[in-house]
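Open the model in your viewer and keep the selection tool at hand. Each stop below tells you what to pick and what is there.

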Amino acid sequence: MANTAQLLRRQSSRDIVLKSQKSIDQLELRELRGRLVPKEHGVSHHHHTSLHHHHQPLYGATNQGFMSDAFDESSELEQEPPFGSDAGTSKTKAELAAVVEQQQQDIVEGEKEGEERESWDSKIMFLLATIGYAVGLGNVWRFPYLAQKNGGGAFLVPYFIMLCIQGIPIFYLELAIGQRLRKGAIGVWSQVSPYLGGIGISSAVVSFIVALYYNTIIAWCLIYLLHSFESPLPWADCPTRLYKNYTYDHEPECVASSPTQFYWYRTTLQCSESVDLPESFNYHMAIALIVSWFLVYICMVQGITSSGKIVYMTAIFPYVVLIIFFFRGITLKGAADGVAHLFTPRWETLLDPVVWLEAGTQIFFSLGLAFGGLIAFSSYNPANNNCYRDAILVSLTNCGTSMFAGVVVFAVIGFKATATFDRCTEERAGLVAQNRTHNLPICDLEQELANSASGTGLAFIIFTEAINQFPGAQLWAVLFFLMLFTLGIDSQFGTLEGVVTSLVDMKLFPNLPKEYIVGALCLSCCIISMCFANGAGSYIFQLMDSFAGNFPLLIIALFECLSISYIYGVRRFSDDIEMMTGSRPGFYWMFCWKYLSPCAMVTILLASFYQLVTEGSSYPAWIAAKGATESMEWPHWCIVIAFALILSSILWIPLVALLRLCGIKVVEDSDPAWFPEAELKEVHGIVPHEPTELERSVFCFNMDGTEGMCCPKYGLPEKSLEEEE
């Protein structure tokens, strides 16, 4: 195995050749500069210091595998000073400093027409950003509901099986391909094949659509967070109404429902009784949307380096709040009943195919696959980053967070259910004491525990009702909604980063700075999101969440898996991972990429379409006269919009391929990003992999380096460094 000094010398030789090439591509210069020393740590700014002190390597910037030639030689000079006088040594060092400054100036001049690709400041920043992106609102308000609905503890069996055959393999795939090809989603899939550029465009379109309605949740959290400082909490009691005879009484609609339901549906959302009746414009909601989009813009405008620092707070704070709620929840009366209800296994549910379908769907969307955000995040990593370890760590952290959040949520729900049950039994006992034996209330603790809702109903109705009964309810409300806000905005960073990176890589606006692109994107999203600021806004939200954010992502991830397995090649992809991490993916991962994961996604897709056709799709509409929701079928124009949203996302995949076949380029070809392939192979001591007999039979690996089915010829003859120069 080559040592580090050999790697640096080979890298230095390559850099000198690149510098002498006058026709070198601007993108390659940008990538080379981005992997060397950033301006604030550049040698040209501190060249005198660099001659006397060793610099601390920066993650993805001064990583030893990507140092500049002159910086390298100056370091060697420190260790092996030349013979001669002190004056001669000083002169040599001064000449080296001048060379360093000149090289830095040449590279910067070559970059003036473009923007360099950023890098993460540290490994922990990348992990926190990725965990914050993957761990979102679904972990808190979706998983607990699905678990108690689909068999309690038994639900964990299909949940972890789907994690192993679908979640982690695709998560691993996206991190690895982004790190290897060093581009956003569009650039990555265009480089895999010019006919596959539509996969990246589809990811960007889906991310844009999801970001539209996902930020609406952040706006709701801001509204509740603002009102959490009021005493008493505005959703603690029913408001009063002034009648014509100048008497006051509680709002009948609120009395018929509950204070938390009334505040959610009528005060916050100002819900109409149908999606066909938008009624009045919701000015409070509009202001909250503007503020939320402004906050997203502020956090993203400086790029991943600055927004990465924000994730220290947004990724860690939710865990702090969950731990606080955990210790508060387990001390409440009825907490044990709630947790037991969540995890008590009902093994007969494993025979229900819907349980497996919902487990696979939850794993897929919980990890944030196919949005392009993971590919964009990993493209900013050093080329020798261990993406396999990252995939395992983030995936298990995500699932562990879901289970921990389930314990916290059902501890609080158990407290609420027990309090309701106790009031019911007291009322029943009072009626019996009065000899009133007819129409007695039915008190059932298990039924109260089963009445938990999912999504917005769990967060803004069930949980807020439980918080109302806490001592110091304002403090707990502030903590809870601040946690939801940080969870939401963290995932929003990753979703929008996939869109922004794709726009930059497509060079649609080559002379426009990235902050202007981010600003235009946030402004356009803010304007479009005003459709949620009316009486039917929550119904439009449910429509987009039900259709735009599930089917397209499954289809995109399926094409990603097929593209790597049958076009790029599993063997070639495994070689790339071995080159970057030093270890080759095991048989299991290759089997998942080529067979198991695509089959799981096709099964989920077909089952979802079958369920949609047979059971239809509906939405809960708020009926003011009854103070309750009723299930209503979507009108025809909503179905048309739903299909338009799906088709606008996935049609790019065949459309780009067909246009390319006709000679029309939707995605312009670009040169591959610079990648130290030969150097990494030497450092890790990589030798050509000889496929085993099992690999040849299962994956169709041939002796001449080709793969079965539609995979092109594998690899190119490797050139020596002298031939390359």
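**The whole protein**

Show everything as a cartoon first. This is a predicted model. The protein has 725 residues, and 55% of them are buried. Its secondary structure comes to 31 helices and 4 strands. Now think about contacts between residues at least 6 apart in sequence: 83% of these join residues at least 24 apart.

**The core**

Nonpolar side chains tend to be buried together in soluble globular proteins. Which residues touch the most other members of the largest nonpolar core? Select Trp 189 and Phe 325. The core they belong to has 182 residues. Next, colour helix α11, residues 197-227. Helix α11 gives the core its largest share, 17 residues.

Zoom in on Phe 325. Leave out residues up to four places away in sequence, and Phe 325 touches Val 408, Phe 463, Ile 467, Phe 470, Trp 476, Leu 479 and Phe 480. Show those side chains together. Another core, of 5 residues, lies apart from the largest one. Its members include Ile 186, Ile 201, Met 506 and Val 667.

Select residues 304-329, which make up helix α15. Start on its surface side. Ile 124, Tyr 312, Ile 316, Val 320 and Ile 324 form a nonpolar patch there, with about 390 Å² of accessible area together. Helix α15 supplies the largest share of this patch, 4 residues. Pick Ile 324, which is found in this helix. Is Ile 324 buried or partly exposed? Its relative accessible area is 35%, so Ile 324 counts as partly exposed.

Stay on helix α15 and select Thr 314. Thr 314 is buried, at 3% relative accessibility. Beyond its neighbours within four places in sequence, Thr 314 is in contact with Thr 486, Ile 489 and Asp 490. Thr 314 and Asp 490 are 176 residues apart in sequence, yet their C-alpha atoms are 6.1 Å apart in space. A polar contact of 2.9 Å joins their side chains.

Go to helix α13, residues 259-268, and pick Thr 268. Thr 268 counts as buried, with 4% relative accessibility. Setting aside residues up to four places away in sequence, Thr 268 touches Ile 223, Tyr 224, Tyr 263 and Asn 282. Draw a distance from Thr 268 to Asn 282. Their C-alpha atoms are separated by 8.7 Å, and the two residues are 14 apart along the chain.

Then move to helix α18, residues 373-378, and select Ser 378. At 1% relative accessibility, Ser 378 is buried. What does Ser 378 contact, apart from neighbours within four places in sequence? Its partners are Phe 126, Glu 174, Leu 175, Gly 178 and Gln 179.

**Charged pairs**

Side chains of opposite charge can pair when their charged atoms come close. The count here is 16 salt bridges. Visit three of them.

First, select Glu 251 and Arg 241. They form a salt bridge, with the closest N and O atoms 2.6 Å apart. Glu 251 sits in the loop between β2 (248-250) and α12 (252-256), while Arg 241 is in strand β1 (residues 240-242). Glu 251 is buried, with a relative accessible area of 13%. Arg 241, at 35%, is partly exposed.

Second, select Asp 575 and Arg 584. The closest N and O atoms of this salt bridge are 2.4 Å apart. Both residues are buried.

Third, select Glu 677 and Lys 681. Their side chains meet in a salt bridge at 3.3 Å, N to O. Both lie in helix α29 (residues 677-684), 4 residues apart, so about one helical turn separates them. Glu 677 is partly exposed, at 33% relative accessibility.

With Glu 677 and Lys 681, they are linked in a network of salt bridges.

Methods:
Residues are numbered from 1 along each chain as its sequence is written. This is a predicted model: local features need pLDDT of at least 70, side-chain atom pairs count only at pLDDT 80 or more; totals for chains, interfaces and linings use all residues. Side-chain values use heavy atoms; hydrogens and water are left out. Patches are made of residues with over 30% relative accessible area and no salt bridge: like charges are joined within 9 Å, nonpolar side chains (Val, Leu, Ile, Met, Phe, Trp, Tyr) within 5 Å. Accessible areas come from the Shrake-Rupley method with a 1.4 Å probe; for residues, only the protein chains shown count as cover. A salt bridge is a side-chain nitrogen of Lys or Arg within 4 Å of a carboxyl oxygen of Asp or Glu. Helices (H or I, at least four residues) and strands (E, at least two) are DSSP runs, numbered from the N terminus. Buried means under 20% relative accessible area, exposed over 50%, partly exposed in between (1.4 Å probe, protein chains only). Contact means heavy atoms within 4.5 Å. A nonpolar core is a set of buried Ala, Val, Leu, Ile, Met, Phe, Trp, Tyr and Cys residues joined through side-chain atoms within 4.5 Å. A polar contact is a pair of N or O atoms within 3.5 Å; within protein, one must be able to donate a hydrogen and the other to accept it, and residues adjacent in sequence count only if both atoms are side-chain atoms.
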